[in-house]
Amino acid sequence: MSSLARSLPHTMPSLDLDLARTFVAICETGNFSRAAQQVHRSASAISLQVKKLEEMVGCDLFYRETRKVSLTSDGEMMLGYARRLLRLNDEAFSKFLRPQFQGRVRLGAPNDNGIVAMPEILHRFAISHPHVEVDVHLGPTLNLRKRIAAGELDIAIFSFDAELDQQPPIHVEPLVWLGARNGTALAKSPLPMAMAEPGCYWRAMALKALDDAGLNYRIAYTSEFCQAQIAAVRADLAIAPLPISVISNDLVHLGSGHGLPDLGEYRMTLAKREGAGDIEEALAEHVVAGFRIIAERGMRLFA
């Protein structure tokens, strides 16, 4: 008998799915308090669950800091196993407890969301609704509005407009000016700007703020995709108005201290075609929940 076989217990312990779900919630939120809210338990109960799990596996799974926790190398390994167990559990019960939807849904989303946020959200939806096909169409807000109104899309996510939209926003995020770290674009006159194409709400918000402030500027770089705007900023060709979640080590947040006007908040909403049914409702719920989860984890929703 090998030494490994001799070291293993005759009966392996079982990982309780409640423990696994709590563990994953802590990993995804980075905080015991937020995880407690997500799994509907008290913070003390969460701590006891983590202690029990660490005793079961015989090692520390978290580095504990004042306001957040981070995973040890063993914790990272356990996270992979826990997610796989929960995915298999949810997939199994979805076969019996969820309506067996079949059909096709046409989903529209902004280009930058379609690159970052939607793949993860649609992956979750595919697990719970394996017999539903989702056709994804990416485009600017104005185009998505027209297509949902014409019935060419079943669900669409786009920029929120208080004058046009009755549903509340599903995502709110500060729009800020970003520049290259140690860059010189801010000192140039006229001020070079990297903007989205006409029709983009970020562009409209930024141009109004610049005009109201009476600043001298020029649009030096234009692209349909914010990844191109970010590239222009990194190259110190311009500064750009972008959601704050795209900020990184080589980009800096510019504001009133740099002579730039406040841009306010960027908001997104979800619309459904008239007469949308249960399949569309199920996908809409997944999208809204997915946006919330990604935002709570402090991750970016835009490319």
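This is a predicted model: local features need pLDDT of at least 70, side-chain atom pairs count only at pLDDT 80 or more; totals for chains, interfaces and linings use all residues.
When residues up to four places away in sequence are not counted, the contacts of Trp-177 include Met-193, Leu-210, Ile-239, Val-252, His-253 and Leu-263.

A search of the whole structure finds three aromatic pairs. One of them, formed by Phe-23 and Phe-62, is tilted, with 5.4 Å from centre to centre and 55° between the planes; this pair links distant parts of the chain, as Phe-23 belongs to helix α2 (residues 17-29) and Phe-62, 39 residues apart from it, to strand β1 (residues 62-64). The rings of Phe-32 and Phe-62 have centres 6.1 Å apart and planes at 70°, so this pair is edge-to-face. Because Phe-32 lies in helix α3 and Phe-62 in strand β1, the pair ties together parts that are 30 residues apart in sequence. Phe-23 is buried, while Phe-32 counts as buried at 16% relative accessibility and Phe-62 at 4%.

Helix α3 (residues 32-39) also packs with helix α4 (residues 43-57), their axes coming within 9 Å and crossing at roughly 100°, which means that α3 is roughly perpendicular to α4. In this contact, Phe-32, Ala-35, Ala-36 and Val-39 of α3 meet Ala-43, Ile-46, Ser-47 and Val-50 of α4; by class, the contact has seven nonpolar residues, one polar residue and no charged residues.

How values were computed. Residues are numbered from 1 along each chain as its sequence is written. Side-chain values use heavy atoms; hydrogens and water are left out. Axes are lines fitted to C-alpha atoms, for helices over the stretch in contact, and angles run from 0 to 180 degrees between N-to-C directions. Helices (H or I, at least four residues) and strands (E, at least two) are DSSP runs, numbered from the N terminus. Angles under 35 degrees count as roughly parallel, over 145 as roughly antiparallel, 65 to 115 as roughly perpendicular and the rest as oblique. Contact means heavy atoms within 4.5 Å. Ala, Val, Leu, Ile, Met, Phe, Trp, Tyr, Cys and Pro count as nonpolar, Asp, Glu, Lys and Arg as charged, and the others, Gly among them, as polar. Rings of Phe, Tyr and Trp (its six-membered ring) pair if their centres lie within 6.5 Å; planes under 30 degrees apart count as stacked, over 60 as edge-to-face and the rest as tilted. Buried means under 20% relative accessible area, exposed over 50%, partly exposed in between (1.4 Å probe, protein chains only).
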